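Keep the structure open while you read.

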Amino acid sequence: MGNSFLRNLQTIRYLHNKCSRKSYLFNHTLFTNSTGGQKTSVNKLSKCLNLQHIAVRCMSQNSSRSAKHNQSVIIYICAAGIFMLGMSYAGVPLYRMFCQATGLGGKAVQGHDIDKVEKMTAVKDRILKIRFNADVASSMRWNFKPLQSEVKVLAGETALAFYTATNPSDKPVIGISTYNVVPFEAGQYFNKIQCFCFEEQRLNPHEKVDMPVFFYIDPEFVDDPKLEHVDTIILSYTFFEAKEGMKLPVPNFMAA
Amino acid sequence: MSTQMTFHGKRTVKPPDKGSFPLDHEGECKDFMVKFMKCLRINGQENTKCREESKDYLHCRMERNLMAKEDWKKLGYHKVENQETT
């Protein structure tokens, strides 16, 4: 663009010089009063002026075209920037919808499980031992322990177990718990129907409370080759203290 | 607390299906709980033999509004079985 601009300028200057020479000649012929000379010089002058006029118009067109071109480029770049910004904001709900649709990232169907409890049958030939473990965070003042050290269940059978928690302090304490299943591969077969985890539980001063866990082991546990020799599963709960007004980072499935 | 990002394959920390039990602050169902624990102790910690007692405990909770009322079948208690497993 720059080159053509310069070239146009040079052309105009050249033509201007030429035309001014021609006009000088025309004036000269007027002065000398030679009609023949006048006619040719008039023609030449007019041609020159025309050319000059065309060159000027061309250049102005070019410059306006390039200005328009610049403007459209800038508009496109701005639009692309805004689009990128919009996509980064839209990404969060879009990703969530995608996960719910395809079940990636573990947001698996929860509705299924309730039907499964109804339809499953216990696998009678294999007894599984569930051991219980209880922990508290170091700053947590509750006394938390399981009421039974182990329970023998069958896969596909719903079972009940109890923990107990005592608040020995003089102030009400709010706790929230999470759990863990060992061995790791058994964790996916461990389904809790109802328990006391992931929600705040409040204990008044000197209060003792029983906390049940109602769960079952998926009957597909017996079909898993990795768990062929696994007969003991350890369920471990840990209680943390939740301070009043403190916003805990709850897992995604609780936020819904 | 483990979040969705730390999964090796299927997630193992799942929310409970029916949510959280409200706390039994008054100990209303404590007797049923004690009966269940006794039964476990007698029967060598076998859950299969104490299903009646666990059913009683859950029934107590349902009556006192400490648990959402639910069909027994949906909780895995099928009546069409022999005495041992009901």
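## The interface and its charged pairs

Across the interface of chain A and chain B, the rule turns up 0 salt bridges; a salt bridge here is a side-chain nitrogen of Lys or Arg within 4 Å of a carboxyl oxygen of Asp or Glu. Bear in mind that this is a predicted model, where local features need pLDDT of at least 70, side-chain atom pairs count only at pLDDT 80 or more, and totals for chains, interfaces and linings use all residues. As for bookkeeping, residues are numbered from 1 along each chain as its sequence is written, chains are lettered from A and ligands numbered from 1 in the order in which they are written, and side-chain values use heavy atoms, with hydrogens and water left out.

What the interface does have is 9 residue pairs in polar contact, both at pLDDT 80 or more. (That's a pair of N or O atoms within 3.5 Å; within protein, one must be able to donate a hydrogen and the other to accept it, and residues adjacent in sequence count only if both atoms are side-chain atoms.) β8(A) gives the most to the side of chain A that touches chain B, with 6 residues. That side divides into 26 nonpolar, 14 polar and 12 charged residues. (Ala, Val, Leu, Ile, Met, Phe, Trp, Tyr, Cys and Pro count as nonpolar, Asp, Glu, Lys and Arg as charged, and the others, Gly among them, as polar.)

Over all chains, the structure holds 5 salt bridges. Among them are these:

| Pair | Closest N to O distance |
|---|---|
| E28(B) and R64(B) | 3.8 Å |
| E46(B) and K49(B) | 3.2 Å |

D231(A) sits in the loop between β8 (208–217) and β9 (232–242) of chain A and R126(A) in strand β1 (residues 123–136), so the pair ties together parts 105 residues apart in sequence. (Helices, H or I of at least four residues, and strands, E of at least two, are DSSP runs numbered from the N terminus.) R126(A) is buried at 14% relative accessibility, while D231(A) is partly exposed at 39%. (Buried means under 20% relative accessible area, exposed over 50%, partly exposed in between, with a 1.4 Å probe and protein chains only.)

In chain B, E28(B) forms a salt bridge with R64(B). E28(B) is in the segment before α1 (30–42) and R64(B) in the segment after α2 (51–63), 36 residues apart.
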